[in-house]
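Subject: Two-chain model, with notes

Hi there,

Here is the model I promised to pass on. Have a look at it first, and then read my notes below.

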Amino acid sequence: MKPFSSRVPRLLVLALALWPGGVAAQTAAEALAPIDRRMALAEASLRGGEVQIAESRYRAAIFDAWMVAGALHVAAGRLLDARDAFRHASQAVADADAAFRSLALVQMQVGEPAEAVTLLTRLSVRAPKDFQTRRLLAQALTANGQPEEAVQTLEEAHALAPDDAEITFLLAAGYLEAKKVDAAQRLFVEVAAARPIPQTWVLIGRTYRDFRLFDQAREALNKALAKDPTTRRAHYYLGTLAVMPEGDVRLEEAIREFRAELKLAPEDPVVNLRLGMALADARREKAALAPLEIAARLAPSAVAFHHLGRCQLAVGRAADAVKSLRRALVLGAVDEASRVRRIHYQLALALRQAGAEADAAVHFEAAKAGSERQADAERERLSRYLDDSPERTPAAAARLALESPLAGLTPAVHETVARGVRTALARAYLNLGVLRAQAEQFAGAGEFFEQAAAVDPDFPQVQYSLGSARFNAKQYEQAAVALTRALAADPGNPNVRRMLALARFNTGAYHQAADLLASDPERASDPSLQYAYGVALVRSDRARDAEAVFTRMLADHGDRAELHVILGQAHAQQGDFDAAVQDLERARRITPDVPDANATLGLIYLRQGKLAEAAAALREELKHNPRHVLARHTLATVLDLDGQPAEAMTLLRGVLQEQPEFSDARYLLGKILLASGEADHAVPHLEAAVRLSPDDASYHYQLAQAYRKVGRSELADKHLALFQSLKEKARGRRP
Amino acid sequence: MLPGVMLSLVISLAAPPQAAPPPPEAAAAMRDRVLEQAAAELQAGRRAEAKKLLASAAERFTSVRAMLQLARLQSGEGDAAGALATLDRARTLAPDTEEVLSAIAQVALAARRPVQALLALEPLTRLAPRIARHHYLFGVALMQAGDMPAATEALQAADRLEPGHNLTSIALGIALNSRKMFGDAKPLLLHVLEREPDNVEALAALAEAEEGLGELDAADSHAARALAATPSHPTANLVVGMVLMKRDRYQEARDALERAAAADTESPKVYYQLSLACARLGDSAGASRNRELYQQKLRAMEARIEELRRVGLPSRGEMPR
């Protein structure tokens, strides 16, 4: 027979066993030792050139670090943070069952039993003989409102492990839930025989009590006392039994039992609180004061201060009552509204008695909703106050506090461990990111760096690495964010400044790009930087400065065709088409197949409505650069306008094969298909165009037309409305 | 773009290692030399020598790098079992490495061992949840195993991460067809054909969707286009057979279905249709044989799904027909 704890919550100590140290840690070094070992092994593999093994070991270190972080959060009562930590752990390694189990435990605590059921079901299928998981699953099922499935799970587990007392006990509780009292009783007898200590009978008695089987509960608790009159909690539960039955509230019996319990443990705050409440309810407020003061001092809670205030008011200590009730209000801010109203009511009475009429009026107002029934409600709810486990199911255990292997750490050690975990995580994620970057997997590298930055944004190199990876993955917006942080940390670093400038340039933030490049020491000697600077100036409406840059470039690098193309594009962007054409023609004269010259000319001719010239220039560009995507798209536009849809569609299909996310090309192809009567085929393209550029009004208009044609009127109306709203928004923006 | 020295920089910033001294530099250098020799042998077309060298590096230096290279050669020679054995060894040394898991998944998928592939792909989709390719392969493996609802979910996840990818759309179309969700499959497949009008897989899957929707002429036409490019295409032949069945041309239907069965011996659906065709032609022996084959394939699929369930992989166990 396995050892059997005296309280069901032991199950929840499972999280303790999950952390890598194995035993409860007392010092920071003990808590961090397993992580440090993993990191050292990973770095040794790295030095040995075994990057795959290094990756695996870094991941194992990350797993351990998140598990420790989760345990720290549990110890501090930050369950949502613990949930996130265990979730991160579950994404670190292939075999993450320990993280999933901890995650499920926390999910049960934070009111997400359905998620816990999903996780635990999978775990228990994978390991049918893992009884701990099955027990947890049963608890999660019960908490999720699936008591029959819970019982079935426990029956299966019991059949596989008939000697496991915890399973037997939980199954008995499940039977009580299913109202199979005889079956439960048989199992409880088995449990008691297997573990013949008085605490077993306390646990059984309490479970009967939770299911409101008061006679059986009393019998079990008395058995515990018969075995050992000093058994803790037996008198306490007998006391609660005296006040729980409806219509038969035996306050004196309860008071006697609570007092008997306090003889065994005079400083027990819960028993003091219950005794104080029972005395108050018996109108013996003066006697209630002492136990309530102990309860309020040792375990401050809204309930304790509320009842203390009530009693102080009753014995004429209005000023003390005001203090206690104000404290109750602070502590009860997140309590149920009816309790808060009752506190307001009592506080209003105390304030009035203390002569603070105006202040009292405010609290009477706050209490208004339920005050008229206050006295009755107090009595009616007495049994609830006395019931320390209001959820009368085995799931109640899941709602009791989780314990953590790191709960015993002092605050200073706790902080040291937390800092060590953060450093280890940042270091491991950063090194994984570097491994990815070295393999030129920049998007993947960015994700690791992102995680390093999320854990410790100030870790050395992290923002620059993140910015650099995002830049190389062409994720310029994200690159700019990280590089801005990197530059703030190291304002004199020209490399960071330059990369940020280029990221800004690529996101269209030309003003900022130009400002950043203005003082770049390498600009004068690097034509590509000079070019970017010139273009940024043009596009941020500083054409005169740009002209000076380009003139200098022409002087420095000769009369080069590429520079004339840039100048031509700059003029075109300014709307000076004549100057643009002049430069572009010059570029063609110097190098007839210079990239982009004909494409830009084609675009200019299109804007001028010269379709034949546009088509000729674009075809010329494609003769030299057949894969020029913009030239193909512009030519398709020209051909569509010129009534040649077939060739336009062929061009667009080719463009989309290379750039499926090119929204203008999708839109144009959809529009041409729609005009050709192929609405069915047009719809997916127009849908994609809208998805890629949701703020373009004309896309919504064409999509609405296409939906109309295929009989999807509801969607047609929706997109027509979007079209109109975007149009109106655009009109509103106009001066 | 990242400076090559960054890694060592980061390591130097880290706390000094406290355990497991690094492997002797000499051993690492020796391993690198063996790997270089293996590469040279391979370059010279001497695969056997290259494999021998890689196997020796894997063994002597417990090198996962060498194991991955060896598995690649074994897989390239069609030795899936050998490659998987090598990769299993790599996995014991580096259980949490994406490259190792991905290699296992790909070799297992190519060898039509979906459960083995799934055991690598399930963790892979957790370790790198934003990589569409892992979800795509997860979906394909689930399709191979016959778990179409779970496959649909995985493929939809891939599509969310990388919208409009042709391979994902086709696989999703096929998965939806297997679940008789032809109306959902059709627009996806049309979308693929807009981008790639001659894609044979998309044409065949579209034909299957159209057949399911009762659009027999369109199904026939798209299946014919697929068969013009790949005459033995199993799905296209299946569609042609099913269209012919609906047009009461049973003999031609049986011929097409037999071609489909020859090209894909694992599909229960083909045998089911063949049993119907034989029955219509009065060939009760053929009907009975094909019905038995249908049930046999179905049982194999059920076994695979049961295996998925047993190893705790997502499965809803919906059976195709």
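Two residues are taken to be in contact if their C-beta atoms, placed from the backbone, lie within 7 Å. With that cut-off, residues 24 or more positions apart account for 46% of the contacts in chain B with a separation of 6 or more. For chain A, 49% of the contacts between residues at least 6 apart in sequence join residues at least 24 apart.

Some housekeeping before the details. This is a predicted model, in which local features need pLDDT of at least 70 and side-chain atom pairs count only at pLDDT 80 or more, while totals for chains, interfaces and linings use all residues. Residues are numbered from 1 along each chain as its sequence is written, with chains lettered from A and ligands numbered from 1 in the order in which they are written.

**The two chains**

Helices and strands here are DSSP runs numbered from the N terminus (H or I, at least four residues, for a helix; E, at least two, for a strand). Chain A has 41 helices and 0 strands, and chain B has 17 helices and 0 strands. I call a residue buried if 20 or more other C-beta atoms lie within 10 Å of its own, exposed if 12 or fewer, and partly exposed in between, with C-beta atoms placed from the backbone. Buried residues make up 51% of the 735 residues in chain A and 50% of the 321 residues in chain B.

**Where the chains meet**

The contact takes 46 residues from chain A and 44 residues from chain B. On the side of chain A that touches chain B, the elements giving two or more residues include H2 (28–47), H3 (51–75), H24 (411–438) and H37. The largest share of that side, 8 residues, comes from H2(A). By class, the side of chain A that touches chain B has 18 nonpolar, 15 polar and 13 charged residues. In this scheme Ala, Val, Leu, Ile, Met, Phe, Trp, Tyr, Cys and Pro count as nonpolar, Asp, Glu, Lys and Arg as charged, and the others, Gly among them, as polar.

The buried residues of H37(A) are Ala648(A), Met649(A), Leu651(A), Leu652(A), Val655(A) and Leu656(A). Seen down the helix axis, they fall within an arc of 165° (taken from the directions from the axis to the C-beta atoms), so they line one face of H37(A). An α-helix has 3.6 residues a turn, so residues three or four places apart point the same way. On the other side of H37(A), Ala646(A) and Glu658(A) are exposed. The buried residues of H37(A) pack against H36 (629–641) and H38 (663–675) of chain A together with H11 (182–195) of chain B.

**Inside chain B**

H14(B) has 13 residues and reaches 18 Å from its first C-alpha to its last, close to the 18 Å expected at 1.5 Å a residue (the expected span is 1.5 Å times one less than the number of residues). Of those 13 residues, 12 are buried, so H14(B) is largely enclosed by the rest of the structure. Its buried residues pack against H12 (200–212), H13, H15 and H16 of chain B. After H14(B) comes Asp248(B), with a positive phi near 60°.

H13(B) and H14(B) pack at an angle of about 145°, with their axes 9 Å apart. Axes are lines fitted to C-alpha atoms, for helices over the stretch in contact, and angles run from 0 to 180 degrees between N-to-C directions. By class, the contact of H13(B) with H14(B) has 9 nonpolar, 1 polar and 2 charged residues.

Leu244(B) is found in H14(B) and is buried, with 21 other C-beta atoms within 10 Å. Leaving aside neighbours within four places in sequence, Leu244(B) is in contact with Arg249(B), Glu252(B), Ala253(B) and Ala256(B).

H16(B) has 11 of its 13 residues buried, so H16(B) too is largely enclosed by the rest of the structure. What covers these buried residues includes H14, H15 (250–263) and H17 of chain B. Gly282(B) follows H16(B), and its phi is positive, near 80°.

By contrast, Arg299(B), in H17(B), is exposed, with 11 other C-beta atoms within 10 Å. Arg299(B) and Pro268(B) are 31 residues apart in sequence and 9.3 Å apart in space, C-alpha to C-alpha.

Best wishes
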